[in-house]
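This report looks at a helix pairing, a pocket and a salt bridge, taken in that order.

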Amino acid sequence: MDYDFIIVGAGSAGCVLANRLSADPKNKVLLLEAGPEDKNFWIHVPLGFGKTLTNPNVNWRFESEPETHAAGKNDYLPRGKVLGGSSSINGMVYMRGQRQDYDHWGQLGCRGWSYKDVLPYFRKAESNARGADEFHGGDGPLQVSDLPDVTPIVRAFLAAGQEVGLPLNPDFNGAEQEGIGLTQVTISKGRRNSVAQAYLKPARSRPNLHVETQAHAHRVMFDGTKAVGVSYNIKGLVKESKASREVILSGGAYGSPHLLQLSGVGDPARLKAVGIDVQHALPAVGAAMQDHQIFRMRWRLKGKLGTFNERVHGLRALAEGARYFINKTGVLTNPTNPVNAFFRSRLELASSDIQLQFFPGSYRSIRDRTLDKEPGVTLGPTLLRLESRGSVHAKSADPDVDPAIHTNVLGTEADRETTIRAMRFTRSLMETAAMRPHYDHEIGPGTDAQTDDELLAYAREIGGSNWHPASTCKMGVDSDPGAVVDTALRVRGIQNLRVVDASVMPTVVSGNTNAPTIMIAEKAADLMLSR
């Protein structure tokens, strides 16, 4: 089959591109997704994210290589393998990052990507429940709403933040990010609003848009240095489709560099070592990955505070289930983090370098999100601006073999020092007058951990990726040897091939990456359509 555009990956970028490119009936568009349709019940129930976190039917379930600085453990790295990609299994937090993030992109030479340039695309994507203003859109495809309910534990934590000097911030995506406040979420009428629902579903009836699920891309096909199509596998049957205008990789920060490498685009020495013929030398592919690192701390609470633990066990769980099925209200309509805080680990910093994520519950482990029967709270101090760099590299010519992923958690001394400061600040929040009466004891790391070495030992055991990988196909100018794509997201040295997803970020943004990835795709669509 021949198409104008072939998009590989129906995630936060791919679904946006499929919608925008197929809006012109002259464009024949093929969208390939390795996973299934988004029919899994728990995808659409907001609190159902715990059910999809390890489900192989909708999740790639990547594992990192043993992490040298994190007790040698394999970091668990979930990614969506379903229509909607990771927007179908994420925590539904709507966060753009800081104005400074995008202005820094511009300072690096990425003209057209500073804050004033990207803000119109954030607004274009968004339909905010609060209405349109200078920062927000009111009629975009993506539904952004306020929290459905605010429980006593949420109110107490908001008070704790203000007690230690954090300003109450009503809008993290407005004028300033620093402070503590309630999260806005990609939830609409009690259901997850993934990009599959927001962008792809309205476009599926277009005759010029063809969506193939269960289609695992094996390689990009070339004619010399020109991308001409994609080879992919559907249930054991290998197919090839041609693209007369462009092939667009939207497989995410793991998938896109991996597919480039499988196609012979990458570091020649690495490709040859795993039996891949070199099509085009581009050593920066998969190198210098940036990600956020999170170090979750847990407390056992006392009293009735409206935690998730209290609301999903016993008779209360039955009542909450009934509430959801009858009128889409109750605990099942909640995101992962109803409260976030942004602060500076050192006062001399110009802006926040730590995000503190508040989860009103406690659970067994990161791989087993079964909620404890006793009430608890989990606080996740998260490093936003790291020195550590990871990587993604093919370890076989076989496309069914996952790439070697190194997150490099706690990889530098500066990151280790920042982690300790962030953990100590997190503890100070729990010792406020607002929170101290509500907790019984600290579960992890526990009060025995007091010295820097003891806190760091705990961080090595439980720390890991916050699942916001970026920069593995980073955007940059010609003089930047680490750049994989140019400022129009075209792969350097290759014709008719672009990468559009979080992997192109020159530096990872200071916050969750779903909203910025949607923005990147909105802008990329205009670039491709020469608007």
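At what angle do the axes of helix H4 (residues 99-107) and helix H5 (residues 115-125) cross? In this predicted model, the two axes come within 8 Å and cross at roughly 125°. Angles of 65 to 115 degrees count as roughly perpendicular and those over 145 as roughly antiparallel, and H4 and H5 are therefore oblique to each other. On the H4 side the contact is made by Arg99, Tyr102 and Asp103, while H5 contributes Tyr115, Val118 and Phe122. Of the residues in this contact, four are nonpolar and two charged, with no polar ones.

The second largest pocket holds about 500 Å³ of space. Its lining comprises 24 residues, and those that lie nearest the centre of the pocket are Leu47, Lys51, Val312, Arg369 and Leu371. At least two lining residues come from each of helix H3 (49-52), helix H10 (308-311) and helix H11 (314-327).

Side chains of opposite charge can pair when their charged atoms come close. Across the whole structure, 26 salt bridges are found. One of them joins Lys395 to Glu65, with 3.2 Å between the closest N and O atoms. This pair links distant parts of the chain, 330 residues apart, since Lys395 sits in the loop between strand S21 (391-393) and strand S22 (404-406), whereas Glu65 belongs to strand S3 (residues 62-66).

Conventions: Residues are numbered from 1 along each chain as its sequence is written. This is a predicted model: local features need pLDDT of at least 70, side-chain atom pairs count only at pLDDT 80 or more; totals for chains, interfaces and linings use all residues. Side-chain values use heavy atoms; hydrogens and water are left out. Axes are lines fitted to C-alpha atoms, for helices over the stretch in contact, and angles run from 0 to 180 degrees between N-to-C directions. Helices (H or I, at least four residues) and strands (E, at least two) are DSSP runs, numbered from the N terminus. Angles under 35 degrees count as roughly parallel, over 145 as roughly antiparallel, 65 to 115 as roughly perpendicular and the rest as oblique. Contact means heavy atoms within 4.5 Å. Ala, Val, Leu, Ile, Met, Phe, Trp, Tyr, Cys and Pro count as nonpolar, Asp, Glu, Lys and Arg as charged, and the others, Gly among them, as polar. On a 1 Å grid over the protein atoms alone, a cavity is a set of points where a 1.4 Å probe fits but cannot get out, and a pocket is an open set with protein on both sides within 12 Å along at least five of seven lines; lining residues have an atom within 4 Å of a point. Grid points are joined across faces, edges and corners, and a volume is the space filled by probe spheres set on the points. A salt bridge is a side-chain nitrogen of Lys or Arg within 4 Å of a carboxyl oxygen of Asp or Glu.
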